Amino acid sequence: MSWVSRVNAETPLEAVLGQRPELLSRYRTFYRTLWHDGAVPRRVLELTRLRIAAIHDCEAEWAVRDAEVAVGDADLAALRAGDFSGFEAAEQAALQVAELMPYAHHQIEDADVQAIERALGSTGAVGLLTALAFFDVTCRLKLVLGVEARPCAFDDPPLRRGALV
Amino acid sequence: MSTKPRIQSAIPGAAADFASVMSHVPDITASFFDLYAEFWQHGVVPATLKEMTRLRNARVTDCGY
């Protein structure tokens, strides 16, 4: 349970961010563009989002799934363990940078970014790096705010019934 | 950490800086700046405190930019 006062809202995250309705509205709009501008394949976003949640041990983020992507149990276990060997090359390139983003961002090398750019193009690379930074932010925010874990699925990532989860 | 831009500018002839590189994803960039403006222009946290924490965060993360 968050120690921040809650407002009546659809999801635990919106219940605390709802203390600043205008900020919540703009955060929701911005965060949604990471999925909807089409720069990065939805599965790559889902894999990297879950890996960053695992690194942070952020159950409130790990409990959320993109139902359309539907990452299988074996892949979920691999993401938990940090074993990327079974993923496709573009996914591995993205996961390599996701691995370093939360606590070792200075160890991201030119070659790591070049691998992403080869796989996704410049537009995809910028889109993915921005998404990784904000997956990291979202985990930190949920952990610091004490947002409770509630298993659910996006119906319009990163939203469910119009609310941030 | 790289000392040169890793991704080129999306704007022909423009140097690769934060804005020109982010221009590869204009919709994301526009909504990001809309959100970021809300942080700075509104709310109950004094601007001085926001600036101090921004600078401290830059030091902690060793971000010279």
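Which crossing, left-handed or right-handed, do helix 3 of chain A and helix 7 of chain A make? The crossing is right-handed. The legends below start with this pair.

The model is predicted: local features need pLDDT of at least 70, side-chain atom pairs count only at pLDDT 80 or more, and totals for chains, interfaces and linings use all residues. Residues are numbered from 1 along each chain as its sequence is written, and chains are lettered from A and ligands numbered from 1 in the order in which they are written.

**View 1. Helix 3 (residues 42–56) of chain A packs with helix 7 of chain A.** Their axes are 9 Å apart, at an angle of about 40°. Axes are lines fitted to C-alpha atoms, for helices over the stretch in contact, and angles run from 0 to 180 degrees between N-to-C directions. Helix 3 of chain A contributes A:Val44, A:Leu45, A:Thr48, A:Arg49, A:Ile52, A:Ala53 and A:His56 to the contact. From helix 7 of chain A come A:Leu128, A:Ala131, A:Leu132, A:Phe135, A:Asp136, A:Cys139 and A:Leu143. Contact requires C-beta atoms, placed from the backbone, within 7 Å. By class, this contact has 10 nonpolar, 2 polar and 2 charged residues. Ala, Val, Leu, Ile, Met, Phe, Trp, Tyr, Cys and Pro count as nonpolar, Asp, Glu, Lys and Arg as charged, and the others, Gly among them, as polar.

**View 2. Chain A has 7 helices and 4 strands.** Helices (H or I, at least four residues) and strands (E, at least two) are DSSP runs, numbered from the N terminus. Along the sequence the pattern is α-α-α-α-β-α-α-α-β-β-β. The radius of gyration of chain A is 15 Å, close to the 15 Å of the globule rule for 165 residues, so chain A is as compact as a globular protein of that length. The radius is taken over C-alpha atoms, and the rule is 2.2 Å times the number of residues to the power 0.38. Buried residues make up 44% of the 165 residues. A residue is buried if 20 or more other C-beta atoms lie within 10 Å of its own, exposed if 12 or fewer, and partly exposed in between, with C-beta atoms placed from the backbone.

**View 3. A:Val7 lies in the segment before helix 1 (12–17) of chain A.** With 14 C-beta neighbours inside 10 Å, A:Val7 is partly exposed. A:Val7 touches A:Ala15, A:Gly18 and A:Gln19, not counting residues up to four places away in sequence. A:Val7 and A:Gly18 are 11 residues apart in sequence and 6.1 Å apart in space, C-alpha to C-alpha.

**View 4. Chain A and chain B meet through 21 residues from chain A and 19 residues from chain B.** On the side of chain A that touches chain B, helix 2 and helix 7 of chain A are the elements that give two or more residues. Helix 7 of chain A gives the largest share, 9 residues. By class, this side has 8 nonpolar, 7 polar and 6 charged residues.

**View 5. Helix 2 of chain B buries B:Ile28, B:Thr29, B:Ser31 and B:Phe32.** Their cover includes helix 2 (21–36) and helix 7 (110–145) of chain A together with helix 1 (18–22) of chain B. B:Gly43, with a positive phi near 100°, follows helix 2 of chain B.

Methods: Two residues are in contact if their C-beta atoms, placed from the backbone, lie within 7 Å. A crossing is left-handed if the near helix is turned anticlockwise from the far one by less than a right angle, and right-handed if clockwise.
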